[in-house]
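Here is a short briefing on one protein chain. Look over its sequence and model, then follow the points below.

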Amino acid sequence: MNFTPSQVFIIILLAGYIFTLFILESWIWRFQQKRYIQIWMSFADSIKLQFSPGSFVPRSTVKPLITGRYRNRQISVTAETRRRYGFQDAIFRVSVSIKNPKTNDLPKGAFFVIGDPRKKGILSRISGQTGNLIALRPEEVQKFPWKAVPENLGNHLLTAKSAQKILGAAVINDILIDQGLLRYRQIGFIADPAEMRKLINNLVELAESFERFSKNWIVS
């Protein structure tokens, strides 16, 4: 097969782009992985949780994991890393156990989900990874699209200071309460053990706020 000079140039350009991405990925994770593993280990040690080793490299099948009990709740911290649009995409996840009793009207318990609309934009996602987003005010957080069953649960949770702190942070994130878990997800890692602990405390307080609502308005 014969190629024109312009086709050869394009092929070389694409090969160079792919090679550059591969080198860049290796360079990023070579220098960043040790840093984040140290952050996770320091955080886990600070609140007596168990750290299980792994690798944040996107191709790794075993990722670092943090589990254990904190403030009488089961906590799990995980992360997913992958390449998207030529950039490293990291999804940081936390799950917190929650009491969400079933009733005749709610056979699966109450439900709540809220998500940051900025996650649909590629530029916003990149900014979220690099930490360049601006923290949001409570009134901006209340404009996030949400769904709740029962509906007044959503209004209750959005007035909680813990929810406003979590959702207003300078990251793209979302929260889900379904059956026995409160799940949190954000784009990008947290680069400070103290900030990780602050997030966990806010999630626990949000779980407590939910349980107070459930006790007074759902199960009573």
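Predicted model: local features only at pLDDT ≥ 70, side-chain atom pairs only at ≥ 80, totals over all residues.

Helices (H or I, at least four residues) and strands (E, at least two) are DSSP runs, numbered from the N terminus. Residues are numbered from 1 along each chain as its sequence is written, and side-chain values use heavy atoms, with hydrogens and water left out.

**The whole chain**

- The protein chain has six helices and eight strands.
- From the N terminus on, their order is α-β-β-β-β-β-α-α-β-α-α-β-β-α.
- The chain has 220 residues, and 42% of them count as buried. Buried means under 20% relative accessible area, exposed means over 50%, and partly exposed lies in between (1.4 Å probe, protein chains only).
- Take the contacts (heavy atoms within 4.5 Å) between residues at least 6 apart in sequence: 63% join residues at least 24 apart.
- The accessible surface comes to about 12,800 Å², and 58% of this belongs to carbon and sulfur atoms. Such areas come from the Shrake-Rupley method with a 1.4 Å probe; for residues, only the protein chains shown count as cover.

**Around Ala 79**

- Is Ala 79 buried or exposed? Ala 79 is buried, because its relative accessible area is 8%.
- Ala 79 touches Trp 40, Phe 56, Lys 63, Ile 91, Phe 92 and Phe 189, leaving aside residues up to four places away in sequence.
- One of these, Lys 63, is 16 residues from Ala 79 in sequence, and their C-alpha atoms are 7.0 Å apart.

**Backbone details**

- Arg 71 lies in the loop between strand S2 (65-70) and strand S3 (73-84). Its phi is near 50 degrees, a positive value in a residue other than glycine.
- Asn 72 is found in the loop between S2 and S3. Asn 72 also has a positive phi, near 65 degrees.
- Arg 71 is partly exposed, with a relative accessible area of 33%. Asn 72 is exposed, at 69%.
- The peptide bond from Val 149 to Pro 150 is cis, and omega is near 0 degrees. Pro 150 sits in the loop between strand S6 (146-149) and helix H4 (151-158).

- Strand S7 (residues 173-178) pairs with S8 in the antiparallel sense, over six bridges. Two strands pair if DSSP finds at least two bridges between them.
- Ile 177 has Leu 182 in S8 as its bridge partner.
- Two residues separate S7 and S8 in this hairpin, and Gln 179 in the turn has a positive phi of about 55 degrees.

**The second largest pocket**

- On a 1 Å grid over the protein atoms alone, a pocket is an open set of points where a 1.4 Å probe fits, with protein on both sides within 12 Å along at least five of seven lines; lining residues have an atom within 4 Å of a point.
- The second largest pocket has a volume of about 260 Å³. Grid points are joined across faces, edges and corners, and a volume is the space filled by probe spheres set on the points.
- Helix H5 (161-167), strand S8 (181-187) and helix H6 (193-218) each supply at least two lining residues.
- Which element gives the most to this lining? H6 does, with four residues.
- The lining includes Lys 165, Tyr 184, Glu 195 and Asn 202.
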